[in-house]
Amino acid sequence: MSAVETQRVKIAIANPTALGLFGLAMVTFVAASQKLGLTTGLSFVIIYAIFLGATAQLIACILDFLYENIWGGTVFGAYAFFWYAVAVAWMMKMGVFGPELAAACDVKQLGFAFLGYLIFSLFMTLGAMEVSKLIFIIMVVIDVLLAALSLNAFGVAPHLTHTIGAWAEMITALLSFYACGAVVLNTFFGRVFLPVGKPFGIFK
């Protein structure tokens, strides 16, 4: 087999981070409106959980892996399946899959799921320090959100943890909107149009 035949084929791929950030921004923006009492019900939140929180981030995950970005691919992929799972959990609780599954729901199992994601997110927060300061801040806020969701599911100070989670989710949304715009415009204009802060440079 010739060297040309064995040579690895590479495809030019644009940075998919903005798409993943937009998906994160949209689902947390809509979900936070429900948690803050600005809207009611979960029916429309489920739509954005599936299509933006899950599918958009999954697409970004796949492209990031092709882009050889293990941190971005892992984070977007993990959070994509988080939102798929949350959407299905909401539908189960609402009785979409029948009264038996709805009656068998134990919210503490969600608490363990949120806790597992918090553990994962803390590791990813370390990695975010070498992405940019803005992404690091978003990850820290997500850590707060996951901690609040976990404590709330376990019944710990439910009103306080619900409020903290709601505001952490809204802050995540607003920061992610800005980060999405920064990735697109900074790349498109070829200069720093919206600053995101340089990596900390501690581990790299």
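Which element gives the most to the lining of the second largest pocket? The legends below take up this point in the fourth view.

**View 1. Overall fold of the predicted model.** This is a predicted model, in which local features need pLDDT of at least 70 and side-chain atom pairs count only at pLDDT 80 or more, while totals for chains, interfaces and linings use all residues. Residues are numbered from 1 along each chain as its sequence is written, and side-chain values use heavy atoms, with hydrogens and water left out. The protein has eight helices and zero strands (DSSP runs numbered from the N terminus: helices H or I, at least four residues; strands E, at least two). The C-alpha atoms fill a box of roughly 60 × 40 × 30 Å along the principal axes. Of the 204 residues, 40% count as buried (under 20% relative accessible area with a 1.4 Å probe, protein chains only).

**View 2. Helix α4 and its ends.** Helix α4 spans residues 70–93, and its 24 residues reach 34 Å from the first C-alpha to the last, close to the 34 Å expected at 1.5 Å a residue (1.5 Å times one less than the number of residues). At the start of α4, a side-chain oxygen of Asn-69 comes to within 3.3 Å of the backbone nitrogen of Trp-71. Just after the helix, Gly-95 adopts a positive phi of about 85 degrees.

**View 3. The largest pocket.** The volume of the largest pocket is about 870 Å³. A pocket here is an open set of points on a 1 Å grid over the protein atoms alone, where a 1.4 Å probe fits, with protein on both sides within 12 Å along at least five of seven lines; lining residues have an atom within 4 Å of a point. The volume is the space filled by probe spheres set on the points, which are joined across faces, edges and corners. Of the 35 lining residues, Val-86, Trp-90, Val-107, Leu-110 and Phe-114 are the closest to the centre. α4 gives the most to this lining, with eight residues. By class, the lining has 23 nonpolar, eight polar and four charged residues (nonpolar: Ala, Val, Leu, Ile, Met, Phe, Trp, Tyr, Cys and Pro; charged: Asp, Glu, Lys and Arg; polar: the others, Gly among them).

**View 4. The second largest pocket.** The second largest pocket has a volume of about 710 Å³. Of its 36 lining residues, the closest to the centre are Thr-17, Trp-71, Val-131, Ser-132 and Ile-135. α4 gives the most to the lining of this pocket, with six residues. The lining comprises 22 nonpolar, ten polar and four charged residues.

Definitions and conventions:
A polar contact is a pair of N or O atoms within 3.5 Å; within protein, one must be able to donate a hydrogen and the other to accept it, and residues adjacent in sequence count only if both atoms are side-chain atoms. Buried means under 20% relative accessible area, exposed over 50%, partly exposed in between (1.4 Å probe, protein chains only).
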